[in-house]
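Dear colleague,

A summary of the findings follows it.

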Amino acid sequence: GTSIPCPNLLAWDDDGLLCAVAYGSRVVIYLSNPPSFTLLGSVNVVGGSLLGEAEESIISLKFIHGVLYCSGPSSVHAIFLGDLADDDSVCELDTYTLATSRSVPLYGADSPDDFAPAPVITSLSRPHILNYHSGGLLVSTDVGLRLVPLSHPLIRIGTLLAANLTEKARKWIFDTPKAHHDYLANFLIRRGRV
């Protein structure tokens with residue numbers, strides 16, 4: 001196929017099937033199913049959107065139980081992969097900023113009707129993704145360890161489904177307020193969980 005430029009970062013999942021490649025602020029995810037190497041999707045994760053800001057690069061990538069976590073110099077993000085049932089097509093990616101040092105969002109605010117989580121505003125200096133710990137995401141920063149909460153229902157449901165813990169996810173789904181069911185239903189459809 002086409003040549004792939006030299007990446008800034010590369011991460012594989014524990015099974016060696018999913019490969020995430022970072023080019024600046026863009027993440028490209030591939031499925032390795034020999035003899036094929038299939039593009040699953042691409043998303044711009046971090047970047048300067050405020051006037052005069054330079055683009056930020058991704059500094060850490062890690063797959064944890066089917067969810068790709070990545071970080072920029074002052075933010076942490078989760079990327080949920082879409083339905084992987086069809087090996088020949090690009091899947092839908094959902095990206096959420098979990099935490100940031102900025103008081104203003106990178107890409108503008110979500111509409112008030114959205115069920116998407118608002119990022120936690122906290123001091124982050126070059127966070128690197130480590131692992132899950134006590135219901136959160138443990139990151140190492142220049143000033144010590146930080147625990148980024150994963151308590152928003154959408155994030156919790158996404159992480160449980162990615163880890164194939166369907167019964168636990170179902171409890172969170174049933175506890176979701178009816179006002180958010182449409183947004184949640186679309187999220188679940190994109191995961192292949194009708």
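**Salt bridges and the burial of their partners**

Arg191 counts as buried, at 9% relative accessibility; buried means under 20% relative accessible area, exposed over 50%, and partly exposed in between, with a 1.4 Å probe and protein chains only. The model is a predicted one, in which local features need pLDDT of at least 70 and side-chain atom pairs count only at pLDDT 80 or more, while totals for chains, interfaces and linings use all residues. Residues are numbered from 1 along each chain as its sequence is written, and side-chain values use heavy atoms, with hydrogens and water left out.

Arg191 forms a salt bridge with Asp94, with the closest N and O atoms 2.4 Å apart; the term denotes a side-chain nitrogen of Lys or Arg within 4 Å of a carboxyl oxygen of Asp or Glu. This pair links distant parts of the chain, 97 residues apart, with Arg191 in the segment after α3 and Asp94 in strand β8. Helices (H or I, at least four residues) and strands (E, at least two) are DSSP runs, numbered from the N terminus.

Asp94 also forms a salt bridge with Arg190, the closest N and O atoms being 3.0 Å apart. Here too distant parts of the chain are linked: Arg190 lies in helix α3 (residues 181-190) and Asp94 in strand β8 (residues 94-100), 96 residues apart. Asp94 is itself buried, with a relative accessible area of 9%.

A search of the whole structure finds 3 salt bridges. One of them joins the side chains of Glu167 and Arg170, at 2.6 Å from N to O. Both residues lie in helix α2 (residues 166-174), 3 residues apart, about one turn of the helix. Arg170 is partly exposed, with a relative accessible area of 36%. Through shared partners, salt bridges join Asp94, Arg190 and Arg191 into one network.

**Helix α3**

The buried residues in α3 are Leu184, Phe187, Leu188 and Arg190. Seen down the axis of α3, they fall within an arc of 160°, so they line one face of the helix; the arc is that of the directions from the helix axis to the C-beta atoms. Their cover includes β7 (75-80), β8, α1 (153-162) and α2. Gly192, whose phi is positive, near 80°, follows α3.

Leu10, Trp12 and Phe37 make a nonpolar surface patch of about 310 Å². Patches are made of residues with over 30% relative accessible area and no salt bridge, like charges being joined within 9 Å and nonpolar side chains (Val, Leu, Ile, Met, Phe, Trp, Tyr) within 5 Å. Accessible areas come from the Shrake-Rupley method with a 1.4 Å probe, and for residues only the protein chains shown count as cover. Leu10 is found in strand β1 (residues 9-12) and is partly exposed, with a relative accessible area of 49%.

Leu17 and Phe37 are 20 residues apart in sequence and 9.4 Å apart in space, C-alpha to C-alpha. Leaving aside neighbours within four places in sequence, Leu17 is in contact (heavy atoms within 4.5 Å) with Tyr30, Leu31 and Ser32.

**Backbone features**

The peptide bond from Pro34 to Pro35 is cis, with omega near 10°, and Pro35 is placed in the loop between β3 (26-33) and β4 (36-44). Asn164, in the loop between α1 and α2, has a positive phi near 60° and is exposed, with a relative accessible area of 58%.

Yours sincerely
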